[in-house]
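Welcome! Here is a friendly tour in questions and answers. Take a look at the model first, and then we can walk through it together.

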Amino acid sequence: MSFLIENKRKLIYPRHKEVYFIKNWNSIKKFLELHYIKVLIDTSTKVITFSNTVSTENPLILRKCGQFFALIIKSVPFTIAKKIFLDFYDCSILMYKTLVKKK
């Protein structure tokens, strides 16, 4: 099964993560190309755009890619964050500020 159209998603990243993205961009891009994901980084607007290709077979790959970048933004190392693409891994990021009431 392959996709007929290209789906795109955009993600805004914080300014302090720009150095990490630029430093590790080649390894991140090569890893995502193995999963048939095109990825672009725009350093002027701090936006990462990722999209599937016609060769993409997994329909959940864009969701996994969004989780991957969310983990990278939360300072999870690249070697650990790439495990999200395995079928039996998923991630949820909890915001404790919203769960705790102020006294």
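Q: How many bridges join strand 2 to strand 3?
A: Bear in mind as we start that this is a predicted model. Strand 2 covers residues 37-42. Strand 2 and strand 3 run antiparallel, and the number of bridges joining them is 6.

Q: Which residue in strand 3 is the bridge partner of Leu 40?
A: Strand 2 and strand 3 form a hairpin with 4 residues between them. In the turn, Lys 46 has a positive phi of about 60°. Within strand 3, the bridge partner of Leu 40 is Thr 49.

Q: Which residue in strand 3 does Ile 12 stand opposite?
A: Strand 3 also pairs with strand 1 (residues 8-12), in the antiparallel sense and over 5 bridges. In strand 3, the residue opposite Ile 12 is Val 47.

Q: How many residues of strand 3 are buried?
A: Strand 3 spans residues 47-52 and is mostly covered.

Q: Is Trp 25 buried or exposed?
A: Trp 25 lies in helix 1, which runs over residues 18-34. Its relative accessibility is 13%. Buried means under 20% relative accessible area. Because 13% falls under that cut-off, Trp 25 counts as buried.

Q: Which residues is Trp 25 in contact with, leaving aside its neighbours within four places in sequence?
A: Leu 40 is 15 residues from Trp 25 along the chain, and their C-alpha atoms are separated by 9.8 Å. Contact is judged by heavy atoms, which must lie within 4.5 Å. With those neighbours left aside, the contacts of Trp 25 are Val 39, Leu 40 and Ile 41.

Q: Which residues make the nonpolar surface patch of about 330 Å²?
A: One member, Leu 86, sits in the loop between helix 3 (78-81) and helix 4 (96-99). Leu 86 is partly exposed, with a relative accessible area of 39%. The patch is made by Leu 86, Phe 88 and Tyr 89.

Q: What pattern does the protein chain follow along the sequence?
A: The protein chain has 4 helices and 3 strands. Of its 103 residues, 36% are buried. Read along the sequence, the pattern is β-α-β-β-α-α-α.

Key:
Residues numbered from 1 in each chain as written. Predicted model: local features only at pLDDT ≥ 70, side-chain atom pairs only at ≥ 80, totals over all residues. Heavy atoms only, no water. Helix = DSSP H or I, 4+ residues; strand = E, 2+ residues; numbered from the N terminus. Buried < 20%, exposed > 50% of the residue type's maximum accessible area, 1.4 Å probe, protein only. Patch = residues over 30% accessible without salt bridge, like charges linked within 9 Å, V, L, I, M, F, W, Y side chains within 5 Å. Areas by Shrake-Rupley, 256 points an atom, 1.4 Å probe, with all protein chains shown as cover. Salt bridge = Lys/Arg side-chain N within 4 Å of Asp/Glu carboxyl O. Pairing = 2+ DSSP bridges.
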